[in-house]
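Here are a few notes to read alongside the model. Have a look at it first, then go through the points in order.

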Amino acid sequence: MKVAIYGQYYQNSTEPIIKDIFVFFNRNSVEMVIESEFLAMLYDKKIVEREYKTFNSHTELDDSFDMLISIGGDGTMLRAATLVGKSGIPLLGVNAGRLGFLASVQKENIANFLQLVIEKKYTISPRSLLSLQCIPENEDIQELNFALNEISVSRKDTTSMITIETYLNNEYLNSYWADGLIVATPTGSTGYSLSCGGPILTPDVSSFVLTPIAPHNLNARPLVIPDSTEIRLKVSGREDFYLVSLDSRIASLKNESTLIIKKTPYEINMVEIEGETFLKTLRNKLLWGEDKRN
């Protein structure tokens, strides 16, 4: 078995997790190829000492890899998704962060979960992605023009609201007067969109969510649309530029530029371990059922 490993380091919580993973895979003769910056950090912290093969970008990950393992929180998972891209390599997140909707494997009993991985006792949960096209083109949004969680537009360098003229399949929907607008996938429905009042979608739903950020009109509510919809946005405001975000990647765009958002023709294959399902994660993270009367 051959796995790629990518991660972030959180001093108090990550070190024992990393050590457990490396010890387990070495003991079971699993070939590990480590993201170069992550490995340099591990050497610097003296967490590992052996030499390992490395990779630097998504172009070096091919079909010889059985899986990419992300060590960190949900932000680390989103960055790992850019490494997987359209390769189809399954992605598994080991949660060393806090909330962790995406990084589903918890630090307790890591060895038990990894045993299921090497025995291939897991399922694949395909996750839809959003793609972004800018007119005119923007050099900051070229090859990595997709998002696993959401694409959002928001104001920049101002406290004034912006106007987001929105079309669905070339039909006018609304001009949102707000701090911004979120277009979220089912995976991203538990992220930024949820904090702005958007609904939770299960990962297998063929839908996207439009969620306004602090809209001026209280009747501007979140809207669920089919994921076959092409979304076109045109943003205007008092400042010359606004921000567009693809998960954690941010670019500055000029007013009146047009954004075209639609579903990508490929998906991210998330690894789901038996017993660590999306519904269980919802119950645990949102404390559903945690009522003192029960």
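1. Start with a charge over a ring: Arg249 lies over the face of Phe146, with 5.9 Å to the ring centre. Keep in mind that this is a predicted model. As for Phe146 itself, its relative accessibility is 5%, so it counts as buried.

2. Phe146 also has an aromatic partner. The structure holds four aromatic pairs. One of them joins Phe146 and Tyr266: the ring centres are 6.0 Å apart and the planes sit at 80°, so this pair is edge-to-face. Phe146 belongs to strand 8 (residues 146-147), while Tyr266 is in the loop between strand 18 (258-263) and strand 19 (268-273), so the pair ties together parts 120 residues apart in sequence. Tyr266 has a relative accessible area of 16%, and since buried means under 20%, Tyr266 is buried as well.

3. Now for another ring pair, Tyr167 with Tyr172. Their centres lie 5.5 Å apart and their planes are at 65°, so this pair is edge-to-face. Tyr167 is buried, at 17% relative accessible area, whereas Tyr172 is partly exposed, at 44%. Tyr167 has a charge over its ring too: the charged end of Arg232 sits there, 4.3 Å from the ring centre.

4. Back to Phe146 and Tyr266, this time as pocket lining. The second largest pocket holds about 220 Å³ of space. Its lining is made up of 16 residues, and those nearest the centre are Gly85, Lys86, Glu143, Phe146 and Tyr266. Which helix gives the most to this lining? That would be helix 3 (residues 74-84), with three residues. Sorted by class, the lining comes to seven nonpolar, seven polar and two charged residues.

5. Finally, take a look at strand 4 (residues 67-72). This strand is mostly covered, with six of its six residues buried. Met67, Ile69 and Ile71 point one way, and Leu68, Ser70 and Gly72 point the other way; all of them are buried.

6. What does strand 4 pair with? Strand 1 (residues 2-7) runs parallel to strand 4 and is joined to it by five bridges; Gly7, for instance, has Ile71 as its bridge partner in strand 4. Strand 5 (residues 91-95) also runs parallel to strand 4, again with five bridges. Here Leu68 has Leu91 as its bridge partner in strand 5.

Notes:
Residues are numbered from 1 along each chain as its sequence is written. This is a predicted model: local features need pLDDT of at least 70, side-chain atom pairs count only at pLDDT 80 or more; totals for chains, interfaces and linings use all residues. Side-chain values use heavy atoms; hydrogens and water are left out. On a 1 Å grid over the protein atoms alone, a cavity is a set of points where a 1.4 Å probe fits but cannot get out, and a pocket is an open set with protein on both sides within 12 Å along at least five of seven lines; lining residues have an atom within 4 Å of a point. Grid points are joined across faces, edges and corners, and a volume is the space filled by probe spheres set on the points. Helices (H or I, at least four residues) and strands (E, at least two) are DSSP runs, numbered from the N terminus. Ala, Val, Leu, Ile, Met, Phe, Trp, Tyr, Cys and Pro count as nonpolar, Asp, Glu, Lys and Arg as charged, and the others, Gly among them, as polar. Rings of Phe, Tyr and Trp (its six-membered ring) pair if their centres lie within 6.5 Å; planes under 30 degrees apart count as stacked, over 60 as edge-to-face and the rest as tilted. Buried means under 20% relative accessible area, exposed over 50%, partly exposed in between (1.4 Å probe, protein chains only). A charge sits over a ring if NZ of Lys or CZ of Arg is within 6 Å of the ring centre and within 35 degrees of the ring normal. Two strands pair if DSSP finds at least two bridges between them.
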